[in-house]
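Subject: Structure handover

Hello,

Here is the structure I said I would pass on. Please look it over before reading my notes below.

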Amino acid sequence: MAVAPLSQKEIEDRLTELPGWALDGDRLARAYRLDSHFAAVALVVHIARVQDELDHHSDLTLGYNTVTLTVNTHSVGGAVTGKDFELAHRVEDIAPGHGAH
Ligand SMILES: C[C@H](O)[C@H](O)[C@H]1CNC2=NC(N)=NC(=O)C2=N1
């Protein structure tokens, strides 16, 4: 699938559908808090499976009870594309099942 950088306006419009997500420099970003360290680890593993399925990978940071993602698209020079939003929506779909907030 060809991917193209999104304009600032497109990014802002799409972010309205993703509460909790923001543009951090040139990356989409969100931090989740969980109820325990183990729950945070489980979310990381689940995100890793989604990322491999999509062949699109965020920078994932695991804290004690936090998981932080930042993502852009390397193949277009580090711009935000629809693939980044697709990943964000997929993560939003699974995060509540882990008690993430
Ligand atoms: C070969 C493989 O398809 C590419 O390296 C994929 C893997 N994951 C990726 N992840 C991200 N965030 N951007 C990419 O351009 C990208 N490319």
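What follows is a summary of what was found, from the overall fold down to single residues.

Please keep in mind that this is a predicted model.

Overall fold

The protein chain holds three helices and four strands. Their order along the sequence is α-β-β-α-β-β-α. The radius of gyration is 13 Å, close to the 13 Å that the globule rule gives for 101 residues, so the chain is as compact as a globular protein of that length. Taken along the principal axes, the box filled by the C-alpha atoms is roughly 40 × 25 × 20 Å. Buried residues make up 24% of the 101 in the chain. Among contacts with a separation of 6 or more, 66% are between residues 24 or more positions apart.

Ligand surroundings

Which residues surround the ligand? They are Asp55, His56, His57, Val71, Thr73, His74 and Ser75. By class, this shell has one nonpolar, five polar and one charged residue.

One member of the shell, Asp55, also stands out for its backbone. Aspartate 55 is not a glycine, yet its phi is positive, at about 50°. For reference, most residues other than glycine have a negative phi. Aspartate 55 sits in the loop between H2 and strand S3 (59-62). Is aspartate 55 buried or exposed? Aspartate 55 has 8 other C-beta atoms within 10 Å, so it counts as exposed, the limit for that class being 12 or fewer.

Helix packing

Helix H2 (residues 37-54) packs against helix H3 (residues 82-94) at an angle of about 145°, and the two axes are 10 Å apart. The crossing of H2 and H3 is right-handed. On the H2 side the contact is made by His46, Ile47, Val50, Gln51 and Leu54, and on the H3 side by Glu86, Leu87, Arg90, Val91 and Ile94. Sorted by class, the residues in this contact are six nonpolar, two polar and two charged.

Leaving out residues up to four places away in sequence, arginine 27 touches Thr70, Val71 and Asn72. Val71 is also one of the residues around the ligand. From arginine 27 to valine 45, 18 residues along the chain, the C-alpha atoms are separated by 21 Å.

Arginine 33 is partly exposed as well, with 14 other C-beta atoms within 10 Å. Neighbours within four places in sequence aside, arginine 33 is in contact with Asn65, Thr66 and His101. Arginine 33 and glycine 99 are 66 residues apart along the chain, while their C-alpha atoms are separated by 8.4 Å.

Loop between S3 and S4

Glycine 63 is located in the loop between S3 and strand S4 (66-71). With 12 other C-beta atoms within 10 Å, glycine 63 is exposed, since that class takes in residues with 12 or fewer.

Regards

Notes
Residues are numbered from 1 along each chain as its sequence is written. This is a predicted model: local features need pLDDT of at least 70, side-chain atom pairs count only at pLDDT 80 or more; totals for chains, interfaces and linings use all residues. Helices (H or I, at least four residues) and strands (E, at least two) are DSSP runs, numbered from the N terminus. The radius of gyration is taken over C-alpha atoms; the globule rule is 2.2 Å times the number of residues to the power 0.38. A residue is buried if 20 or more other C-beta atoms lie within 10 Å of its own, exposed if 12 or fewer, and partly exposed in between; C-beta atoms are placed from the backbone. Two residues are in contact if their C-beta atoms, placed from the backbone, lie within 7 Å. A residue is near a molecule or strand if its C-beta atom, placed from the backbone, lies within 6 Å of it. Ala, Val, Leu, Ile, Met, Phe, Trp, Tyr, Cys and Pro count as nonpolar, Asp, Glu, Lys and Arg as charged, and the others, Gly among them, as polar. Axes are lines fitted to C-alpha atoms, for helices over the stretch in contact, and angles run from 0 to 180 degrees between N-to-C directions. A crossing is left-handed if the near helix is turned anticlockwise from the far one by less than a right angle, and right-handed if clockwise.
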